[in-house]
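Please look over the sequence and the structure shown below, and keep both in view while reading the report that follows.

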Amino acid sequence: MDTTTATAPATELDQLCINTLRTLAIDMVQQADSGHPGTPMGAAPTAYCLWQRFLNYDPHAPAWPNRDRFVLSCGHACALLYGLLFLGDVKPGSGDDARGSLGQAVTLDEIRSFRQLGSRCTGHPEHGWATGFETTTGPLGQGVATSVGMAMAEAWLAATYNRPGFTLFDHKVYALASDGDMMEGVSAEAASLAGHLQLANLCWIYDSNHISIEGATDITFTEDVGARFEAYGWRVLHVADANAIEQLSAHLETFALQPSLPTLIVVQSHIGYGAPHKQDEKEAHGEPLGEDEVRLTKEFYGWDPDAKFLVPSVVPQHFKAHFGQRGAKAHATWESLYQKYQVQYPDLAQQIAHMQAGTLPEGWDAPLPRFEASAKGVSTRDAAGKVQNAIARQVPWVLGGAADLAPSTKTVLTFDFAGVFEPGPLADDGERAKADAHSFAGRNFHFGIREHAMCAAVSGMALAGLRPFAAGFLIFTDYARGAMRLAAMMGLPVTYIWTHDSIALGEDGPTHQPIEQLASLRAMPGMRVLRPADANETVEAWRIAMQSTDGPTSLVLTRQALPTLDRTQYASAAGVAHGAYVLADCEGGSPEVLLLATGSEVALCIAAYEQLKKDGVRARVVSMPSWELFERQDAAYQESVLPDAVQARVSVEAGSGLGWERYVGRHGAILAMHSFGTSAPGKDVLAHFGFDAAHVVRAAQEQLRRHQAKA
Ligand SMILES: Cc1ncc(C[n+]2csc(CCOP(=O)(O)OP(=O)(O)O)c2C)c(N)n1
């Protein structure tokens, strides 16, 4: 906090800075002929006050791990963020390329080309496109939900790495939210979680302008938001007028001193503030003000109506004198503390360095289990749980949880020092009890039945350098998709564990049996999907997830036991790294028919293969745990697995058949689901829909007949 100015009334210079932010936003939208000018105009004083007086952020070291986070949840108001980053002179730090530094600085040229091809000033903030975009926002609700994960990460980092005299982590997480953010369900899930967890480091500032696109929010949104948040366990503070920044300042000071609850500050504002005709009108949304209105508004601000993208030189200077210097000082103090910490706690410092660099400690995969061949086998969820525990023991920042399904998804970290992430009791001095079984240092997170908020939260955790996992049933990815999509877009190394991956889950019936979910995850750019066929493929799948630093991985796992294949008889599971590999091949010539499958259906293909072998048919089984990885292999490898010459092909997957034509061709056989499932024990459901070896054998023989007839 800047004690010289914290609650002082706005000066003329402050007003000039605020109006610079407003006019830059107006000019950006006018020039682009698209975008939302009204919200930046209304919320500029709020954002200015936060940045200039409170945010601890070194503009020249944007990857500093203890920086305060600012999330613009209403991403459509991004012109405001671009103005702040430019006026605050935020630019990549020298010599570091960690997450916070991603991209290049927002320059005035970039601002002028707002929303144009190649500009860093994108239509909504895209993490990585310019320095200082802490997360991608745009779908309303995502930013605030992600900020909860950032706050959880800070709480975990503080509880895990701070030592007496070494407060390495004590940063705050701020999110600026709009009516739409507050309407979206995901923000309610996330706020409920944050309230339960008593995340005192979290502050949402709700720019309440009572307008959304269709007009005044009294047609849609009339609840008492503050009361709702109080019920969630938040402290709620109010600012009657966004332009009165000293009132907001006072509340932000209160927030900083609050030891046990998250804070919501509800700020009443006017969309399009200063635009004489468009204020309080829905036109302030989604379109430029228009030249005439721009002039009138600028006059209202005491601005030169003819000036465009005008930045009075005192404005960046003023930002530098407060926002810049405060952050640089805080960072310098932290650096000298960190240097001493490195000497006193070299192992812990090494862990922090790994997190910052996105690397893993030497030998992280040494204790990975290997599973003995077994006809009875284990489910891939069980195998994954063992692998995950082995990894998490080695890598302290591998942590996470499930949406109330940790026991079913086998994602509990069971080793004795894992602990549970829960707020510890507060001592008299307001300090929390240090790491015990239940504290913020715990690594088992209970997300509650909140799949969407869980996935947004793990994104926030990944953005802080952690390697989080999130788990649930595959069917519930439908509830979490919004957040998963942004994780894929941002390239975050999150591991999702989706179990109960097919109709074979059985008795829970069609509502719980995934059909189209696998295909839709495969359709998501940047999402690595792995559906391992047995325990040893599961080991390899987890290995790939851990080695992936460029995007999320979905591990798609069974509820039911699968035979653990004898790898002396069949090919090594190391083939998983190629996405698809020849698991079982014929002898005495090239194959006549290819059997392609993933996950639980690989065992069916193996059974069919053995039968076909007895019948004198030369078949090949291809295990295809990951289409994405297979697509990345060179043409020669792909040809070696799926030779063009062999067109008799059968694919088997107990889900939607969408996409399998790519591998079996238009005339190949696709054994898949064409409807929702049914309610019965898993074995009966599988039999009902024809997922058995006999069916695979029949399909293979039909393929052979068809191709022999053609030849
Ligand atoms: C999930 C989602 N649905 C719809 C939109 C499209 N959208 C963009 S801005 C907007 C209205 C936003 O109104 P509000 O949240 O009150 O923001 P403000 O009026 O303060 O700009 C809508 C519906 C969106 N960005 N995200």
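## The ligand and its surroundings

Around the ligand there are 16 residues, of which Thr39, His76, Gly180, Ile211 and His285 come nearest; a residue is counted here if one of its heavy atoms lies within 4 Å of the molecule. This is a predicted model, in which local features need pLDDT of at least 70 and side-chain atom pairs count only at pLDDT 80 or more, while totals for chains, interfaces and linings use all residues. Residues are numbered from 1 along each chain as its sequence is written, and side-chain values use heavy atoms, with hydrogens and water left out.

An oxygen atom of the ligand lies 2.7 Å from a polar side-chain atom of Asn209, and a backbone N or O atom of Ile211 lies 2.6 Å from an oxygen atom of the ligand. A polar backbone atom of Leu140, in turn, is 3.0 Å from a nitrogen atom of the ligand. On its own the ligand has 590 Å² of accessible area, and the protein covers 76% of it, where such areas come from the Shrake-Rupley method with a 1.4 Å probe. Helix 6 (179-183) and strand 4 (211-212) are the elements that give two or more residues to the shell around the ligand; helices (H or I, at least four residues) and strands (E, at least two) are DSSP runs, numbered from the N terminus.

## The nonpolar cores

A nonpolar core is a set of buried Ala, Val, Leu, Ile, Met, Phe, Trp, Tyr and Cys residues joined through side-chain atoms within 4.5 Å, and buried means under 20% relative accessible area, exposed over 50%, and partly exposed in between, with a 1.4 Å probe and protein chains only. The largest such core has 170 residues, and Trp204 and Leu595 touch the most other members. Helix 5 (residues 142-161) gives the most to this core, with 12 residues.

Leaving aside neighbours within four places in sequence, Leu595 is in contact (heavy atoms within 4.5 Å) with residues including Cys605, Ala608, Tyr609, Leu612 and Val650.

How many disulfides does the structure hold? It holds 0 disulfides, a disulfide being a pair of cysteine sulfur atoms within 2.5 Å. For Cys121, the closest cysteine sulfur is in Cys78, 8.0 Å away, which is too far for a bond. Cys586 is likewise in no disulfide, and the nearest cysteine sulfur, that of Cys605, is 15 Å away. Cys121 counts as buried because its relative accessibility is 0%, and Cys586 counts as buried at 16%.

Helix 3 (residues 78-87) is largely enclosed by the rest of the structure, because 9 of its 10 residues are buried. The buried residues of helix 3 include Cys78, Leu80, Tyr82 and Leu87, and what covers them includes helix 1 (12-32), helix 2 (38-53), strand 1 (69-72) and helix 11 (314-344).

In helix 19 (residues 600-614), the buried residues include Ser600, Glu601, Cys605, Tyr609 and Leu612. Their cover includes strand 19 (593-597), strand 20 (619-623), strand 21 (649-656) and helix 24 (693-710). Just after helix 19, Gly616 takes a positive phi of about 85 degrees, and helix 3 is followed by Asp89, whose phi is positive, near 60 degrees.

## Positive phi in loops

Most residues other than glycine have a negative phi. Arg115, although not a glycine, has a positive phi of about 70 degrees; Arg115 is found in the loop between helix 4 (108-112) and helix 5 and counts as partly exposed at 28% relative accessibility. Asp404 is not a glycine either, yet has a positive phi of about 65 degrees. Asp404 lies in the loop between strand 9 (398-402) and helix 14 (406-409), and is exposed, with a relative accessible area of 52%.

Is Thr380 buried or exposed? Thr380, which is found in helix 13 (residues 380-394), is buried, with a relative accessible area of 0%. Not counting residues up to four places away in sequence, Thr380 touches residues including Pro532, Asp534, Leu557 and Gln560.

Glu661 lies in helix 22 (residues 661-664) and is partly exposed, with a relative accessible area of 38%. Glu661 and Asp292 are 369 residues apart along the chain, and their C-alpha atoms are separated by 57 Å.

Terms used
Polar contact = N/O pair within 3.5 Å; in protein donor to acceptor, adjacent residues only side chain to side chain.
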